[in-house]
Every structure is written in C-alpha cells, then in structure tokens.
Amino acid sequence: MPGIDESLLQAMRLPGARGAAVVDWISGLALGAVGDAPGGDLEAAAAETAELARLATESGVLAPAGDDAGGASGKEPPVQDLIITNSDSYHLLRFVTTTFDSTVFLHLWLDRGEGNLALARIRLAEMADRLVLG
Amino acid sequence: MITPTRTARTDEPASALLGTLAAQGASGALSTEAGIVYLAAGHVVHVESALTPDIGDLLTHSGALAPDGWWEAIDQAGRRCRVGRQLVDSGHLAVGALELCHLGALFDAAYFVLAHDGPALRFRPGAAHWLGAVRAVPVDTVLRESRRRRELLHRIWPEPAIDLAPLARVPDADPADLPHRRSRTLAQVDGVRTAAQIATVLACRTFHTLVELRRLAAAGLVVPKVPAPAPGSAPAPAPAPAHVSAEPGPAPRPTAPDEPDTALLRRLLHALEAL
C-alpha cells in the first residue's frame with residue numbers, strides 16, 4: 001500500500017519523469033516531492049501550480065455540463081486533470097479525490113522528448129486512486 | 001505515554017523555542033495558549049489546536065471512517081501511541097489517506113499555534129502523541145508555512161477579525177455562482193458561528209475554511225459581527241452546533257453524541273496540560 005513518498009517514486013519511474021509532487025491547491029503547500037522542481041524552487045512551483053489548480057476547480061465553465069457535477073457524493077472535483085505543454089516538457093496535474101477534506105493534486109513534470117503524455121495521464125490517475133484507497 | 005518531566009515556564013516565543021528544540025533533536029510536547037506541538041527527534045510529528053478539527057474529527061465527521069473504527073483504534077493502540085498505524089493495519093484507512101489527513105490537520109493546527117507566535121508555556125520532554133509516527137516534518141518547514149499562510153490570508157482580504165469573530169451574511173448581497181466550497185461555507189454563516197465552528201460543522205480544516213471566508217468577505221458577502229450593543233437587546237448567542245461530536249483523544253468514549261463545544265473542552269484540556 002503506497003504512501004505519499006512511494007506514490008511519488010512510482011510516478012518518477014514513468015518515462016521522462018523530471019519531478020513529482022503532492023500539492024494542496026488551497027494553501028499552496030507541497031506535502032511531498034521527489035526529483036527536480038520546475039523552475040528550481042519547490043515552494044514557488046507548488047504555490048503557482050496550486051493557484052492554477054484552484055482556478056480550474058472553481059471554474060463553472062470547465063465543470064461537466066451534466067447535473068451530476070461533483071459526483072454522487074459531492075466530493076469529486078469538477079475537474080480531473082490539467083495538462084500544460086511547453087516546448088520541452090509536459091506538466092500533468094491530477095486531482096486526488098478523498099472522502100475527507102484534503103484538496104490535493106499530484107503534479108508530474110515530464111520531459112517532452114522522452115515522456116508519453118497519454119500513458120502518464122492514465123498511470124497518474126491510477127496512482128491518485130491507490131494513494132487514498134490503498 | 002511517557003511520564004512528563006516538569007520544566008520551567010518560559011516567555012520565549014514558541015517559534016524560537018521550537019528552533020532550539022529542533023537543533024537539539026528533542027522529543028516532547030510544547031504547549032502554547034493556542035495548542036500543542038509534538039516533537040520527535042527534533043521534527044514536528046503532530047500539532048493540536050482548540051481552533052482546528054483534529055484528525056479524528058476530519059475522518060469521522062466526513063464519513064471517511066466510521067466512528068466505531070476510529071474508537072476501536074483508539075482503544076487498541078491509544079496507550080501505545082500507535083493509533084495511526086492501527087488504523088492502517090486494521091484496514092480502516094490507506095497509508096496515503098492517513099498521511100494526507102494527518103498533514104492536513106498538522107499544518108492547520110500549526111497555523112493557529114504559530115502564525116501569531118505567542119509565548120511557549122511549557123515543554124514536556126518525552127511526551128508523545130497518541131496518534132504515533134505518521135509523517136515527521138522539519139520545524140523550519142512548519143514555521144515557514146505558518147508565516148506563508150498568514151500572508152496568503154492577508155493578500156485575499158486584510159481583515160483578521162474574520163478569523164475569530166462570529167460571522168454574519170451581508171443582507172441583500174447576491175451570492176450567485178459561487179464555487180462549491182465557498183457556497184457551502186457561506187451556507188453555514190449564521191451570525192453566531194465563528195470560522196472554527198463552521199469548519200467543525202463542515203468537517204473541514206479551519207485554515208481552508210478561513211480562505212473561503214476571507215474570499216467571501218472580499219466579495220462583500222460576509223462580515224465579522226460587531227459585539228452586541230446593549231445587554232438585553234438581543235438573545236444570547238446559541239452554543240456551538242450540535243453536530244460537534246466525539247472528543248477525539250484516547251479519552252473514554254463519549255456517551256452523549258452531542259457535546260456542547262468540543263473547542264472549549266479541548267482548550268480546557270490544553271490549559272490543564274500546560275499547568
């Protein structure tokens with residue numbers, strides 16, 4: 001059963017992984033991190049990606065159009081992933097669903113040449129589930 | 001639990017003393033008026049505050065863990081200070097879920113204990129928390145994060161009265177299209193409850209509730225309530241809502257599910273422990 005560190009180390013085994021972190025999108029705190037931090041500053045990277053994640057999850061425009069926004073329990077985040085690409089890397093943010101109050105996402109930073117975005121997205125979603133469900 | 005050793009009271013700010021204790025690799029419990037910081041080998045392993053829901057509140061009030069499962073773990077492992085491990089070993093909680101909830105509660109309480117940095121009242125060497133080791137955090141990280149959180153709240157809306165006063169809605173303000181967390185926070189603003197009480201009702205961390213409340217204040221939807229003008233003109237404020245249940249220490253299982261005010265009881269407990 002993986003804890004935070006084990007989950008992040010698993011994410012780092014994906015092809016092209018440069019860095020991975022678990023970040024609280026309300027406080028902007030990184031609860032755990034491995035590998036390199038984008039921009040070289042973990043705290044700044046966490047705070048900035050958290051702000052982006054917060055705007056996405058609070059956006060009515062980006063939420064599902066159906067009536068079940070928030071899922072049956074009301075605890076599913078309205079947005080599942082954020083994907084940002086640039087000329088040399090991918091940033092993949094995956095919201096973690098918990099029954100208790102947690103407001104966190106996984107952030108995986110991938111090298112563009114070596115990374116496989118589609119595979120990483122599937123794996124990161126599985127890791128987010130296993131992190132809280134075991 | 002290890003028998004506490006008496007130490008002299010000190011007027012040193014809690015943050016300064018924590019720095020010293022970290023450098024010494026100390027283990028024990030540091031009390032301030034706002035709560036208790038638990039150290040193991042110079043790292044912060046847990047923090048409790050009367051103003052924040054603790055990990056038991058967060059897990060059981062949210063429905064993530066049945067109260068029976070929680071109390072079973074307390075009964076079986078509370079005395080050995082291994083409740084966290086017990087929750088995982090008994091299959092009630094995944095390791096990652098425990099770590100996320102624990103860190104959430106730790107940094108939440110630390111903000112209230114350290115952001116305003118009152119004097120340290122007492123350090124009890126060797127005193128351990130009943131939750132046991134889950135994830136240890138460097139003292140520096142906790143201090144820096146508490147300061148950062150204070151600045152974050154200030155940037156959202158620079159009115160600290162929101163944090164402690166009973167809160168009221170602004171009449172006739174239009175709360176259309178609020179994000180889910182903000183609208184459910186606003187729904188609990190009733191002119192009586194404080195941020196900490198709203199957090200308890202929602203099984204939500206208090207700092208995270210404060211962020212929503214300061215955003216609501218910035219949007220002109222919520223104001224801190226001014227003290228009642230004259231005695232007799234208004235009814236006394238109602239006690240905290242009855243949703244507040246189980247005091248989450250390794251204390252006896254409560255017989256009544258609706259304690260009047262968990263925060264008050266916990267503050268009393270902290271005051272007694274600080275003696």
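1. Arg54(A) is buried, at 8% relative accessibility. In this predicted model, the side chain of Arg54(A) meets that of Glu58(A) in a salt bridge, with 2.7 Å from N to O. Glu58(A) is likewise buried, its relative accessible area being 18%. Both residues belong to helix 2 (residues 42-58) of chain A, where they stand four residues apart, about one turn of the helix. Since buried means under 20% relative accessible area, the 18% of Glu58(A) falls within that class.

2. The pair should be read together with its surroundings. Arg54(A) and Glu58(A) belong to one network of salt bridges with shared partners, which also takes in Asp24(A), Glu51(A), Asp101(A), Arg181(B), Arg182(B), Arg205(B) and Glu212(B). Over all chains, the count of salt bridges is 21. As background, side chains of opposite charge can pair when their charged atoms come close.

3. A further salt bridge within chain A joins Asp81(A) to Arg121(A), whose closest N and O atoms are 2.9 Å apart. Asp81(A) is in strand 3 (residues 81-85) of chain A and Arg121(A) is in helix 3 (residues 117-133) of chain A, so the pair ties together parts that are 40 residues apart in sequence. Asp81(A) counts as buried at 16% relative accessibility, whereas Arg121(A), with a relative accessible area of 30%, is partly exposed.

4. In chain B, attention is drawn to Asp190(B) and Arg193(B), whose side chains form a salt bridge of 3.7 Å, N to O. Here Asp190(B) is partly exposed, at 41% relative accessibility, while Arg193(B) is buried, with a relative accessible area of 14%.

5. As to the overall make-up of chain A, its secondary structure consists of three helices and five strands. Along the sequence these elements follow the pattern α-β-β-α-β-β-β-α. Of the 134 residues in chain A, 51% are buried. The accessible surface of chain A is about 6,100 Å², and carbon and sulfur atoms account for 51% of that surface. Among contacts in chain A between residues at least 6 apart in sequence, 53% join residues at least 24 apart.

6. Strand 1 (residues 17-24) and strand 2 (residues 30-35) of chain A run antiparallel and are joined by five bridges.

7. Which residues touch the most other members of the largest nonpolar core? In this core of 70 residues, they are Leu106(A), Leu108(A), Leu59(B), Trp70(B), Val83(B), Leu87(B) and Leu100(B). Helix 5 (residues 95-114) of chain B supplies the largest share of the core, 13 residues. A second, separate core holds 35 residues, including Trp25(A), Leu152(B), Ile162(B) and Leu213(B).

8. Apart from neighbours within four places in sequence, Leu59(B) is in contact with Phe100(A) of chain A and, in chain B, with Ala64(B), Leu65(B), Trp70(B), Leu87(B), Leu93(B) and Cys101(B). In general, nonpolar side chains tend to be buried together in soluble globular proteins.

Notes: Residues numbered from 1 in each chain as written. Chains lettered and ligands numbered in written order. Predicted model: local features only at pLDDT ≥ 70, side-chain atom pairs only at ≥ 80, totals over all residues. Heavy atoms only, no water. Helix = DSSP H or I, 4+ residues; strand = E, 2+ residues; numbered from the N terminus. Buried < 20%, exposed > 50% of the residue type's maximum accessible area, 1.4 Å probe, protein only. Contact = heavy atoms within 4.5 Å. Areas by Shrake-Rupley, 256 points an atom, 1.4 Å probe, with all protein chains shown as cover. Core = buried A, V, L, I, M, F, W, Y, C linked by side-chain atoms within 4.5 Å. Pairing = 2+ DSSP bridges. Salt bridge = Lys/Arg side-chain N within 4 Å of Asp/Glu carboxyl O.
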